[in-house]
Amino acid sequence: MTMMAKTLPLRPGRHEPLGAHVRDGGVNFAVFSAHAWRVEVCLYDDAGVRELARYPLHGPVDGLWSGFLPGARAGLVYGLRAHGPHAPHEGHRFNASKLLLDPYAREIVGQFSWLAEHHGYPLGHPDGPLILDARDNGATALKARVAPARPADGASGVRPRANAPRHAPGDVVLYEVHVKGFSMQHPDIPEALRGSYAALAHPAAIAHFQQLGVTTLSLLPVQYTIDEPHLAHTGLRNYWGYNTLGFFCPDPRLASAAVRHDPTAVTEEFRAMVHALHEAGLEVVLDVVYNHTPEGNEYGPTLSLRGLDQKSYYRLQPDDGAKLENLTACGNTLRVQHPRVTQLVLDSLRYWVGEMGVDGFRFDLAPVLGRTDHGHDPQAAFYTALRQDPLLAEVHLIAEPWDAGPQGYQLGNFPGRFMEWNDKFRDGVRGYWLGHGPDGGPIGRGALARRFTASSDVFQQGQRSPLVSVNFLAVHDGYTLADVVSYSRKHNEANGENNRDGRDGELCGNFGAEGETDDTRIRDTRRRVQRALLATLLLSQGTPMLYAGDEIGNSQGGNNNAYCQDNPIGWLDWPRADRDLARFVGEVLHCRRLHPLLRHARWFSSASDDPVTLRWFHPSGRDMRQEDWHDPCQQTLAVRLSDGSEDLLVVFNPTPETQAFQLPPQTMGRSRQAWGLLLDSSGDTAPGPVKGHTLGAPPRALLLLGSAAS
């Protein structure tokens, strides 16, 4: 404590809501710590450097500490100090010399640097984190700032989600995008706005989203994040943002330069972005990281949760409480099974929906949220609470269905209406069109058929819809689609880890040359495969997700782990955008909108008496037989979708030669001549009526045909 600080009494306060909130002519503070002996609020000057006063909170009551400071107003800068046992082997690392960030902070001030004083133990000491470090880090620690009391309709006069579009599940098309990377090189967005929330809502950006036909932007993390120490020491940064420290704060690094210094203005810019996107009919989903924090393992710093109550907030190794379980490969794992940690996550989610207006969440390493002492439980308390919450019942819930722990792969095992990222779709469809699987052998037609039909082998259980399968070809974590067809190995040298980072063995193929080439034959092959892949993604059953930039042929130079590349490697290369490819994506999504059979909300049947049917056909025109699915010499096939009023036929030809295909009959007694070509991914054949009973499927192409009623 500095010489200027003084300890003062604090009036009893309310235990809810947690955090610091303006009310009744003052500010109410409430924080959870089950094992602390004493918790203090420390007030700082506006610069966040000089400590002015300390106020012990009243409590604990059910682990809650609270107090009311009359006369205090918004803009008050504060931190927390928690007194308690320093018993590392029992899981306790209380250290009152470390100023702690309120986990419920709505605004965060200061600039974080990786200083030794932020650690609860003396760096370099032979006993490491078992020893207590008594240096005070108050002057350099990040602090919370009390946010203004927000009227129900917000400072802009707009009630959050009042204009939210609420797309029907079958209409949703996801678009995974990085706020900064989308616009940093966009020529039609003013330089002063590029890389910001405001830029993502600029008319030029909105026009692109609308021309594509996507409905829902899935934003890479926007909550307040800090860089990992190894990046800070190399001059790189955590560009993706999967290192959240402030669960209630939009990251100021993604705000426009004019407001970046003011947390209140950053929040308003974010809210204005959501409102503008809603006005344009676009939903906003956030990628959220409630599985770990930047405090890392036992050798990490003491910034917030560790100092408040490590044993409650984090999972500890059962045989040694001094060490943390690492189910995330990031050093620590949030203990979401604890009721107060569940509350922290739910309160944060409600804040982003109720006050910031967003339309849903993609949960990073989602199995952590359902982890109990016995592994992942689809009926875990968090999932139950989430499904019962009336506000969160309105929004999208999307799981990344794996973490880094034992039995961490949980695809298909999430409850209720959760959608799930389906990596089986990515690998099966990539392998089919590339012509090889992970082992170099061919990917059979059966794999394509399963993935095209929303992976019924995974999701057709527990009354779940085909739409829960989030189909994708590429996402932030891996190659871009252009690199999938241009490289045969990863090129991550720019990350500074000697190309050791990133996933080895990711399915890709260069078709004869590594990277860019002037060979017209190779370029044409890549173009065909790229378009066939995109058409398969966008016409398959389930919910499609595009990775931003794939529609313009964006490349990262073969880097499949660009998490630290806040530079042209990680930004969209608009100056070299393939506008024809973007138009093609728009055309395919237009077909998807026109034909409900391509976005069906129930599982298809093969029974002849079912009005909605699906049948697979051999190139000879007959039904596929059991032996056909395992024939390595034949990869071409077709599927017919029917609902009694319309027939659609999708023909797949991954081979390098034109394949003759005998058209099957349509349902309802329609004649064969009624088929009409709606789409040829290769561009070799113009749409129009198909003459005769045989169709020549161009090399490496997907064809979509419709009945006369189409």
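**Figure 1. Lining of the second largest pocket in the predicted model.** Seven nonpolar, 10 polar and 11 charged residues make up this lining. The pocket holds a volume of about 830 Å³. Of its 28 lining residues, Ala-482, Ser-486, Arg-523, Gly-553 and Arg-576 come closest to the centre. Helix H12 (481–484), H13 and H14 each provide at least two lining residues, and H13 gives the most, with five.

**Figure 2. The largest pocket and the residues around it.** Here we look into about 1300 Å³ of space. The lining counts 48 residues, and nearest the centre are Glu-228, Tyr-242, Thr-328, Ala-329 and Cys-330. By class, 17 are nonpolar, 17 polar and 14 charged. Helix H4 (229–232), strand S19 (320–324) and helix H9 (423–434) each contribute at least two residues.

**Figure 3. Phe-363 in the largest nonpolar core.** This core has 162 residues, and Phe-361, Phe-363 and Phe-652 have the most contacts inside it. Its largest share, nine residues, comes from helix H13 (residues 520–539). Beyond its neighbours within four places in sequence, Phe-363 touches residues including Val-288, Tyr-290, Leu-349, Glu-400 and Phe-418. Another core, of 13 residues, lies apart from this one, with Ala-638, Leu-649, Leu-663 and Val-690 among them.

**Figure 4. Helix H3 (residues 203–212) and its cover.** Take a moment to find the buried residues of H3: Ala-204, Ala-205, Ile-206, His-208, Phe-209 and Leu-212. Their cover includes strand S13 (174–177), helix H1 (179–183), strand S14 (216–219) and helix H14 (579–594). Just after H3, Gly-213 adopts a positive phi of about 100 degrees.

Terms used
Residues numbered from 1 in each chain as written. Predicted model: local features only at pLDDT ≥ 70, side-chain atom pairs only at ≥ 80, totals over all residues. Heavy atoms only, no water. Core = buried A, V, L, I, M, F, W, Y, C linked by side-chain atoms within 4.5 Å. Buried < 20%, exposed > 50% of the residue type's maximum accessible area, 1.4 Å probe, protein only. Helix = DSSP H or I, 4+ residues; strand = E, 2+ residues; numbered from the N terminus. Contact = heavy atoms within 4.5 Å. 1 Å grid on protein atoms, 1.4 Å probe; cavity = no way out; pocket = protein on both sides within 12 Å on 5 of 7 lines; lining within 4 Å. Points joined across faces, edges and corners; volume = space filled by probe spheres on them. Nonpolar A, V, L, I, M, F, W, Y, C, P; charged D, E, K, R; others polar.
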